Amino acid sequence: MKHILHLKSSLQGAASYSIKLGHTIVEKIQDKYPDSSVEELNLVDMDIPHLNPNSLRTFFTPVEQLTEEDKKANRLSDELVKQLLAADIIVIGAPLINFTVHTSLKAWIDHVTRPKVTFGYGEDGRPIGMVTGKKIYIAMSSGGVYSEGPGKANDFVAPYLTAFLGFLGMTDVTVFRAEGLKVPGVKEYAMEKAIDSIQID
């Protein structure tokens, strides 16, 4: 039995290509692992607050030194970390917006990047990811084509997410792309091509 965490970060709701692609990935995972459970988080609807000086301070403060107010302020971050650690497979919906991820996904990233919880440092000072044993699928969507050609240099979604996930210890990452969704001659087949490309390890 696998526990799947599906993150959505699209502003388009039911019309979202990344959400549709993400749902298809989840369905294919469930086909492979019929007893799997699914937890969905719509990061846009959650309106996760961005980090502020106080929240950043508490992340680096030893637990025994946190005040009750600090602990209360960290509850959402603690819950997001708990959900991350509990998942066996994570599906991340990531539409490309202005060349990068939506701010809701970035807020989630900032809240699960916790020193001594999801990452640490070795004796040589190098970072050590503490979130291991996860399989990650990224459901990426974009109006243009960014996997190759001149647009590739402007893709700050797949490389960024791969680097961030690797920093926390999640190195088994597969990206599925629905791209060219606004390009005539490409958009007509973009979703079909994306769905056909899905293979679950």
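This report walks through the overall fold and the salt bridges of the chain shown above.

## About the model

The model is predicted, so to speak of local features a pLDDT of at least 70 is needed, and side-chain atom pairs count only at pLDDT 80 or more, while totals for chains, interfaces and linings use all residues. Residues are numbered from 1 along each chain as its sequence is written, and side-chain values use heavy atoms, with hydrogens and water left out.

## Overall shape

Let's begin with the whole chain. Its secondary structure comes to eight helices and seven strands (DSSP runs numbered from the N terminus: H or I of at least four residues for helices, E of at least two for strands). The C-alpha atoms fill a box of roughly 60 × 40 × 35 Å along the principal axes.

Buried residues make up 45% of the 201; buried means under 20% relative accessible area, exposed over 50%, and partly exposed in between, with a 1.4 Å probe and protein chains only. Among contacts (heavy atoms within 4.5 Å) with a separation of 6 or more, 78% are between residues 24 or more positions apart.

## Salt bridges across the sequence

The structure holds nine salt bridges, each a side-chain nitrogen of Lys or Arg within 4 Å of a carboxyl oxygen of Asp or Glu. In one of them, D78 meets R114 at 3.0 Å, N to O. D78 sits in helix α5 (residues 75-86) and R114 in the loop between α6 (103-112) and β4 (119-121), so this pair ties together parts that are 36 residues apart in sequence. D78 is partly exposed, at 37% relative accessibility, whereas R114 is buried, at 9%.

Another salt bridge joins D201 and K135, with the closest N and O atoms 2.8 Å apart. Here D201 belongs to the segment after α8 (187-196) and K135 to strand β6 (residues 135-142), 66 residues apart. Salt bridges that share partners join K135, D172 and D201 into one network. K135 is buried, with a relative accessible area of 9%, but D201 is exposed, at 52%.

## A pair on the outside

What are the side chains of D124 and R126 doing? They meet in a salt bridge at 3.6 Å, N to O. D124 is exposed at 55% relative accessibility, and R126 is exposed at 59%.
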